[in-house]
Amino acid sequence: MPVPEFSTARSLLSARAVRARAETLLKAGLDGQLDHFVVDLDRLGACADAVVETIREAYPDLAIPYHARWRHFSVGGFERWGSLVHAAPFEDPAEQARAAFDLVVVSVLLDAGAGPTWRYEEGRTGETYARSEGLAVASFDMFVSGLFSSEPEDPFRADARALATLTEAELADGFQVSPTNPLVGLSGRTALLNRLGQVAAADPEGFGPQARPGFLFDLIKAKSRDGEVPAEAVLEVLLTHLGPIWPGRIVLDGVDLGDTWRHPLAGGTGPTEGLVPFHKLSQWLAYSLLEPLEEAGLTVTGLDALTGLPEYRNGGLFLDTGVLALRRPEEASRPHEVGSRLVVEWRALTVALLDRLAPLVRERLDIEDPAALPLAKVLEGGTWATGRRLAKSLRPEGAPPLAIASDGTVF
């Protein structure tokens, strides 16, 4: 089947473009043309076995939820969002959905790597959390405190005025940052939320009269037909209206391309030649919006149109199981910039290999219908958890097999 062409700037704002360019780089890897990686598809079976082992232990009934930020909000067995909704009910399902969007948009944008030493102590439970779970609980506490709202009488929301004026000191306080508890990329996270506020204020069509991320719910609902909305439409709304928030990235024909990078073997024609889109945080956000949309009465269709997420747990899974190997193993000992050719290759290979891994996982679980275990559940069950499990068994603090010089807005 020929690979579709994506030759205009807006054509790269899609999961289809992510998948197509990733496939092109995987083919280059299989042909031995990549600078940094060797691909061994014969190891995919053992990789699938490791994922299935994780799934059967965590979900023996195979009742796997979506890979979403909501899993982190319920860490430790405490349903934080459910408790909030129960204690302070919203006026109607739409307003609850807007508040959920406000929370999850801000929290996902804050969900880049925390670093190996950062921790967050939760006051309500006395528990201490790290990495993604810690970032989620901390951002939830900041949301509940009203930090992201400019209206004291309406704290459970996020709006442009509060986000645009948020200071690094306020965010550091919310994350309990100190000289002995450093958080990677704090200034980058602050700047990202500031830009979200500025973009929301300048885009009433996208963010509504209150300039809230939550108004994206109304845009997505408007794209529904008979109560159904395609997953691609969810992502399209996010990429269209959140594109301008990303820092120092590629702009083509006036279009902000967000999480898009360069590689000479990526293919393409015209101005998009050599560009590789990933849209990792936007797709993570799309997965995380499924439940608020469903709770508001909508059905999201075509989930597997979205791709796997090219981040260090999924990417680490393929390195730690031998599906991928560095041509020069010494490259694992130094940090790499997000836009480096090595990282672009790693992320593209991760996307393409997840598409090949998912059918093997379903086969081992005797699941014939892909809709019964979409990629959103394979990731959760799943590849992300297995990547973390293997990392913990192989390296101190569960560090990934490659080090990334992160600015807090990608990894």
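Predicted model: local features only at pLDDT ≥ 70, side-chain atom pairs only at ≥ 80, totals over all residues.

Q: Why is Gly274 called buried?
A: Buried means under 20% relative accessible area, exposed over 50%, and partly exposed in between (1.4 Å probe, protein chains only). Gly274 has a relative accessible area of 11%, so the residue is buried.

Q: Where is Gly274 found, and what is it in contact with?
A: Gly274 belongs to the loop between strand S7 (260-262) and strand S8 (275-277); helices (H or I, at least four residues) and strands (E, at least two) are DSSP runs, numbered from the N terminus. Contact means heavy atoms within 4.5 Å. Leaving aside neighbours within four places in sequence, the contacts of Gly274 include Arg21, Trp261 and His263. Arg21 is 253 residues apart from Gly274 along the chain, yet their C-alpha atoms are separated by 8.9 Å.

Q: Why is helix H17 called largely enclosed?
A: Of the 20 residues of H17, 14 are buried, so the rest of the structure largely encloses this helix.

Q: How do you know where H17 bends?
A: The bend at a residue is the angle between axes fitted to the seven residues ending there and the seven starting there. For H17 (residues 375-394) that angle is about 30° at Ala385.

Q: What makes a set of residues a nonpolar core, and which residues have the most contacts inside the largest one?
A: A nonpolar core is a set of buried Ala, Val, Leu, Ile, Met, Phe, Trp, Tyr and Cys residues joined through side-chain atoms within 4.5 Å. The largest has 141 residues, and Trp81, Phe148, Phe175 and Leu196 have the most contacts inside it. Helix H16 (residues 341-364) gives the largest share of this core, 13 residues. Beyond four places in sequence, Trp81 is in contact with residues including Trp70, Phe90 and Phe140.

Q: What makes a space a cavity rather than a pocket?
A: On a 1 Å grid over the protein atoms alone, a cavity is a set of points where a 1.4 Å probe fits but cannot get out, whereas a pocket is an open set with protein on both sides within 12 Å along at least five of seven lines; lining residues have an atom within 4 Å of a point. Grid points are joined across faces, edges and corners, and a volume is the space filled by probe spheres set on the points.

Q: How many cavities are found, and what volume has the largest?
A: Two cavities of 30 Å³ or more are found in the whole structure. The largest has a volume of about 180 Å³, and of its 17 lining residues, Asp111, Ser132, Lys280, Glu311 and Trp384 lie nearest its centre.

Q: Which helix gives the most to the lining of the largest pocket?
A: H17 does, with seven residues. The pocket has a volume of about 580 Å³, and among the residues nearest its centre are Trp384, Arg388 and Lys392.

Technical notes: Residues numbered from 1 in each chain as written. Heavy atoms only, no water.
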